[in-house]
Amino acid sequence: HTGEGQELALGFAVNGLVDAQLQGLTRKGGMRPGDLLLLTKPLGTGTLLAAQARLAALDNVRGLIMILMALDHASLFVAHRHGSEFWQGPWTDYSSPLLFLTRFVTHLCAPGFFFLMGSGMYLFASSRRSQGWSEGRITRYFLLRGALIVLLNHLVETHAWTLGTAFMAEHAGGPAGPDGLQLTFTVLSGLGMAMMAGALLLRLGGAVFPLSVALIFLCNALVPALGPAQPSYPLWLRLLLVPGSAPHVFVLYPLLPWLGVCGAGIAFGRVLASRTKGAQRLVGLLPLVGLLLIAAALGVRYAGGFGNLRLPRHPGWMEFLNFIKYPPALPFVLFMLGTNLLLLGALRRRLPLLATFGQAPLCFYFAHLYLYATLGALFFRRASSLPVLYAVWLLGLLPLYVICQRFRRFKETKPQESLWRLF
């Protein structure tokens with residue numbers, strides 16, 4: 001049997017008969033580094049297959065929510081539609097179920113990205129510890145990678161939003177924020193900041209889960225109450241807690257609310273890496289946990305009050321489910337994380353299309369933005385219909401699949417120390 005730890009552990013169980021003098025036994029105590037070990041079967045096949053299934057689920061779900069993210073951004077560039085769910089300021093009111101659902105399904109993306117990033121961080125750290133990496137080296141890796149992601153947001157991503165919206169007959173706004181601002185902190189900056197802070201959460205062990213849950217609730221409690229006017233907040237508060245504008249900056253994903261989601265993902269990664277029977281049973285209960293979280297979200301929404309940030313403006317199922325996303329209200333987090341857990345429980349077999357996208361996330365992110373932005377600038381300076389939007393979105397996935405497949409193969413040829421491994 002094999003087991004995971006700081007190094008590979010190998011144990012033998014031998015059944016047989018020997019004479020009373022124990023003559024002719026070969027003892028394993030004399031094994032030395034460099035000795036030849038002949039195996040009659042592969043080591044740890046059960047462990048490897050179980051781990052492969054769990055990691056396949058992570059790749060599949062990441063790939064699926066990236067496809068949904070592409071729909072959301074194509075909606076802006078092609079149909080000139082993009083919902084807004086701010087606790088202060090714009091809050092889209094939907095009259096069409098199809099318009100609402102086109103936006104609603106994409107709400108799975110941000111919570112899924114932060115949660116799966118946290119899980120991946122823990123699994124990566126666990127793997128590197130087994131290879132001899134120190135805690136300091138692991139922390140430096142995540143600090144560097146997080147800083148690089150924030151930098152790419154401002155140096156590479158921002159130009160795609162400019163390209164996609166500059167030629168619109170009517171400027172639809174969208175994630176790039178209001179005109180004239182120099183820096184826009186999109187989901188990439190939120191992920192990068194959460195990765196850098198999450199590098200410290202990795203050292204908390206079992207305390208990371210209760211701390212993350214407390215952070216999610218605390219952020220909902222600390223968000224300022226709605227007033228008759230939109231007050232101005234200092235930059236540090238924008239970056240940490242409340243999205244919106246500060247001088248020359250527009251923040252969509254402040255650190256603390258999303259760090260709680262990332263920390264929950266780190267705790268989930270601990271479960272995935274565990275070999276205890278209790279942890280394995282918990283993985284099997286993912287659909288039930290997901291349903292409980294969705295039920296809790298609906299209960300919080302129905303009760304009103306704490307956690308909603310803004311209450312429904314009028315009756316109707318669309319308004320009831322029209323959760324506040326900026327910053328993430330409690331029912332938003334519960335509902336979307338619950339749905340992501342349902343997907344993790346359902347998509348445990350490797351699905352090549354989803355896995356290919358899920359294993360090249362940054363490549364997909366930049367490629368899809370520039371692809372749909374270019375199509376919008378060239379062919380959709382006036383808004384398209386929803387059927388045309390869906391057709392363009394689906395057709396765009398074909399070149400994106402080829403790009404991600406080739407990039408993944410290219411990255412696999414690079415050594416672990418290569419900068420390409422950071423993407």
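# Notebook: looking through a predicted model

I began with the surface, and noted that the protein exposes about 20700 Å², of which carbon and sulfur atoms supply 67%; accessible areas come from the Shrake-Rupley method with a 1.4 Å probe, and for residues only the protein chains shown count as cover. I wrote down that this is a predicted model, in which local features need pLDDT of at least 70 and side-chain atom pairs count only at pLDDT 80 or more, while totals for chains, interfaces and linings use all residues. I also wrote down that residues are numbered from 1 along each chain as its sequence is written, and that side-chain values use heavy atoms, with hydrogens and water left out.

**Overall make-up.** I looked up the secondary structure and found 15 helices and five strands in the protein, where helices (H or I, at least four residues) and strands (E, at least two) are DSSP runs numbered from the N terminus. Of the 423 residues, 50% count as buried; here buried means under 20% relative accessible area, exposed means over 50%, and partly exposed lies in between, with a 1.4 Å probe and protein chains only. Among contacts with a separation of 6 or more, 78% are between residues 24 or more positions apart, a contact being heavy atoms within 4.5 Å.

**The core.** I then turned to the nonpolar core, defined as a set of buried Ala, Val, Leu, Ile, Met, Phe, Trp, Tyr and Cys residues joined through side-chain atoms within 4.5 Å. The largest one has 125 residues, and those with the most contacts inside it are Phe115, Phe142, Leu344 and Tyr372. Helix H1, residues 45-79, gives the largest share of this core, with 15 residues.

**Charged pairs inside.** Side chains of opposite charge can pair when their charged atoms come close. I used the rule that a salt bridge is a side-chain nitrogen of Lys or Arg within 4 Å of a carboxyl oxygen of Asp or Glu, and by this rule the count comes to five. One of them joins Arg62 and Asp59, with 3.0 Å from N to O; both residues lie in helix H1, three residues apart, about one turn of the helix, and both are buried.

Another salt bridge joins the side chains of Asp72 and Arg103, at 2.9 Å from N to O. This pair links distant parts of the chain, with Asp72 in helix H1 and Arg103 in helix H2, 31 residues apart, and both residues are buried. Arg103 also forms a salt bridge with Glu85, the closest N and O atoms being 2.8 Å apart. Because Arg103 lies in helix H2 and Glu85 in the loop between H1 and H2, the pair ties together parts that are 18 residues apart in sequence.

**Cysteines.** How many disulfides are there by the rule? I took a disulfide as a pair of cysteine sulfur atoms within 2.5 Å, and the count comes to zero. The sulfur of Cys363 has its closest cysteine sulfur in Cys404, 4.4 Å away, which is too far for a bond. Cys363 counts as buried at 13% relative accessibility, and Cys109 counts as buried at 5%.

**Backbone details.** I checked the peptide bond from Tyr326 to Pro327 and found it cis, with omega near -5 degrees; Pro327 sits in the loop between helix H11 (317-320) and helix H12 (330-346). Two histidines with positive phi also went into my notes. His80, in the loop between H1 and helix H2 (97-104), has phi near 60 degrees, a positive value in a residue other than glycine, and is buried at 9% relative accessible area. His248, in the loop between strand E4 (244-246) and strand E5 (249-251), has phi near 65 degrees and counts as partly exposed at 47% relative accessibility.

Val388 is found in helix H15, residues 386-412. I noted that the C-alpha atoms of Val388 and Ala79, 309 residues apart along the chain, are separated by 8.2 Å.
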